[in-house]
Amino acid sequence: MRKFFLLLFLFPLFAFSQPTTVVYDITNDRVVDGSLDDAELSIASISKFMTVYTVLKENQDLNEVLSVTSKKTPNTKLVKGMRLTRMDLINLALIGSDNIAALTLAENFPMGYSNFINKMNQHARDLNMLHTGFVEPTGLSPMNYSTISDIVLLSKAMYEYDIVREAAKVKSVTVTSNQGKKKVKITTNSTSQYFGRDGIIAIKTGFTKAAGFCITMIVNSNNQMYNITVLGAKSKHERQLLVERFLKSIYRA
């Protein structure tokens, strides 16, 4: 943790000199490429994987209708007063990386927002993610941090859920919100071209200035499961080139 804060302080001096990457063969428990690095890094919206995991792990009612109370933040189509089901909010958070969707999930938790953040960190410890911490549910804060090895653990836990696997299959999501007496349709596109691609069964992207361009995904190839994770890419293009190279190595295996 102390190392993470030092890295964050020095961030402007050496940001993203080299992305941190891994291709991990989950089925055979081995590293195919890169390494299970233990450097603590800001993870941007990959944080939303833990946000959704916390909701699902706590068995909250996915059909319950929740009200949006937060003010507008970056990357959202939701506004205060809209009412959506918890399921719709999860899909918006996973597919479109909607920040208000993630905040609304956290705010509608037993004993409130602070307890939700505590649960996020508790679940991280339960998954043996010992070098991970969260201060909020969206990933907008640079203080949400993890390691590439911990993100592999989180991704493995996430793909066990049907809703996560279904979200990985689509390139956009449309939900209906009640806003007063009106019904409003909201459509948001996925954050990556890899949504809807054959073999990809769980995926989350992220970007902030502190974290760079990030992605983690679970890939099924020849009935074997792999994780690809990239943290700290300098651009979306660099992230894409790395993922394409790693996918080719998986499909050749």
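Colleague: What covers the buried residues of helix 4?

Modeller: In this predicted model, the cover over the buried residues of helix 4 includes helix 2 (47-57), strand 4 (65-67), helix 3 (86-95) and helix 5.

Colleague: Why is helix 4 called largely enclosed by the rest of the structure?

Modeller: Buried means under 20% relative accessible area, and eight of the nine residues of helix 4 (residues 99-107) are buried, so the helix is largely enclosed by the rest of the structure. The buried residues are Asn99, Ile100, Ala101, Ala102, Leu103, Thr104, Leu105 and Ala106. At the start of helix 4, a side-chain oxygen of Asp98 reaches to within 3.0 Å of the backbone nitrogen of Ile100.

Colleague: What makes Thr138 count as buried, and where is its place?

Modeller: Thr138 has its place in the loop between helix 5 (112-126) and strand 6 (145-146). The cut-off for buried is under 20%, and Thr138 has 1% relative accessibility, so Thr138 counts as buried.

Colleague: How do you know that the side chain of Thr138 makes a polar contact with Leu140?

Modeller: A polar contact needs a pair of N or O atoms within 3.5 Å, and the side chain of Thr138 reaches the backbone nitrogen of Leu140 at 2.9 Å.

Colleague: Which residues of the largest nonpolar core touch the most other members?

Modeller: Of the 75 residues in that core, these are Met50, Leu78, Leu84 and Met217. Leu78 touches, among others, Val68, Leu84, Ile100 and Ala101, not counting residues up to four places away in sequence.

Colleague: Why is the pair of Phe109 and Phe116 called edge-to-face?

Modeller: Ring centres must lie within 6.5 Å, and planes over 60 degrees apart count as edge-to-face; the rings of Phe109 and Phe116 have their centres 5.1 Å apart and their planes at 85°, so the pair is edge-to-face. Phe109 is buried, with a relative accessible area of 7%, and Phe116 is buried as well, with 0%.

Colleague: What makes the pair of Phe207 and Phe213 stacked?

Modeller: Planes under 30 degrees apart count as stacked, and here the centres are 4.2 Å apart with the planes at 25°, so the pair is stacked. Phe207, at 45% relative accessibility, counts as partly exposed, since that class lies between 20% and 50%, whereas Phe213 is buried, with a relative accessible area of 16%.

Colleague: Why are strand 2 and strand 9 called edge strands?

Modeller: Five strands form an open sheet in the order 2-1-11-10-9, with antiparallel pairing, and strand 2 (30-34) and strand 9 (200-208) each pair on one side only.

Colleague: How do you know that strand 9 pairs with strand 10, and strand 1 with strand 2?

Modeller: Two strands pair if there are at least two bridges between them. Eight bridges join strand 9 to strand 10 (residues 212-221), with Thr208 standing opposite Gly212, and strand 1 and strand 2 pair over four bridges, where Asp25 has Arg30 as its bridge partner. In the hairpin of strand 1 and strand 2, Asp29 takes a positive phi near 55°.

Colleague: Which helix lies across the strands of this sheet?

Modeller: Helix 8 (residues 236-252) lies across strand 1 (20-25), strand 2, strand 9, strand 10 and strand 11 (224-233), and runs at about 20° to strand 10.

Notes
Residues numbered from 1 in each chain as written. Predicted model: local features only at pLDDT ≥ 70, side-chain atom pairs only at ≥ 80, totals over all residues. Heavy atoms only, no water. Core = buried A, V, L, I, M, F, W, Y, C linked by side-chain atoms within 4.5 Å. Buried < 20%, exposed > 50% of the residue type's maximum accessible area, 1.4 Å probe, protein only. Contact = heavy atoms within 4.5 Å. Helix = DSSP H or I, 4+ residues; strand = E, 2+ residues; numbered from the N terminus. Axes fitted to C-alpha atoms, helices over the stretch in contact; angles between N-to-C directions. Phe/Tyr/Trp six-rings, centres within 6.5 Å; stacked < 30°, edge-to-face > 60°. Polar contact = N/O pair within 3.5 Å; in protein donor to acceptor, adjacent residues only side chain to side chain.
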